[in-house]
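Here's a quick tour of a protein model for you to explore. Have the 3D view open while you read.

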Amino acid sequence: MTKRLSVAILIAFASICAAMGQESPSPIPTASLAPSLTPAESLSPSPSASSARSVQLSFVPPPLEGTISLGIYDESGKLVRVLHQEAELNEFTIGADALVTQWDGKNDDGEDLPAGKYRARGYLVGHFTVEDLGQASFPAMENNAIPNVKVKLIPNPLRNDRRSIVDLGIGFDNDGSYLKTIDDLPLFTVSETPNLIRALITKKSEKSVDVWQDDGAAVHQFRVSNVDQMMAFDCGEFELK
């Protein structure tokens, strides 16, 4: 199986998106391919073999080659778990008509989250390119604020998510820097330079952004292009028992 999403496979999938919990002792139902089925309507409970609180998520990503970042959000819209970050197709179970993954009901710190309603949504990130522009001076930041930039998304033909614009920011950790959403879902690795102390993103054009990062010894500038090659998808709401 190729590590990149196959457009032919994805288009063959129907427009469904399901999250299945842990109540029913019956077998996991096969998702309906009816065109009238909405993501919220396709959510139904099912048992979990690994954990009493485990939730199985079945979803169809948009028909675009790239990687998948998928997050779990609470009722307030706060990101509580990065379930997948820049994931390839082979990191998911390939179902009959969808990709399948599991959430164990925990947050990113491994703590059990309270019962309640949650939502899974994410992005299909296309083929971004990164150009290292070399050493540069770090741009002046007003009041030390790190801005976000607005990027227009490719419309999702599956119509299970109507988000048309994403606010991109730049994040960093011990492993390097990455583009992220304004709610902190990581989308794309910019650099693997460790021990960064600050980073900044600015918009170069409708299809590219510039990133500056500082490791304390030098500042490097990068240009990330094709950032408009991205689609959003929403798996709908489900309940954690």
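**A bridge in the sheet**

Let's zoom in on one spot: Gly71 has Arg121, in β7, as its bridge partner. Keep in mind that you're looking at a predicted model.

- Strand β3 covers residues 67-73 and strand β7 covers residues 116-125; the two run antiparallel and share seven bridges.
- Strands of a sheet are held in pairs by backbone hydrogen bonds, and the pairing can be parallel or antiparallel.
- Both strands belong to an open sheet of four strands, where the order is β4-β3-β7-β16 and the pairing is antiparallel.
- At the edges sit β4 and β16 (230-240), each of which pairs on one side only.
- Going from one strand to the next, the twist averages 15°.

**The second largest pocket**

- What is the volume of the second largest pocket? It comes to about 160 Å³.
- Strand β4 (residues 79-87) gives this pocket the largest share of its lining, with three residues.
- The lining residues include Leu79, Val80 and Val82, along with Lys78, Asn107 and Pro186.
- Several Asp residues line the pocket too, among them Asp108, Asp109, Asp183 and Asp184.
- Sorted by class, the lining holds five charged residues, four nonpolar ones and one polar one.

**The whole protein**

- Of its 241 residues, 49% are buried.
- Take the contacts between residues at least 6 apart in sequence: 66% of them join residues at least 24 apart.

Note on methods: Residues numbered from 1 in each chain as written. Predicted model: local features only at pLDDT ≥ 70, side-chain atom pairs only at ≥ 80, totals over all residues. Heavy atoms only, no water. 1 Å grid on protein atoms, 1.4 Å probe; cavity = no way out; pocket = protein on both sides within 12 Å on 5 of 7 lines; lining within 4 Å. Points joined across faces, edges and corners; volume = space filled by probe spheres on them. Nonpolar A, V, L, I, M, F, W, Y, C, P; charged D, E, K, R; others polar. Pairing = 2+ DSSP bridges. Axes fitted to C-alpha atoms, helices over the stretch in contact; angles between N-to-C directions. Buried < 20%, exposed > 50% of the residue type's maximum accessible area, 1.4 Å probe, protein only. Contact = heavy atoms within 4.5 Å.
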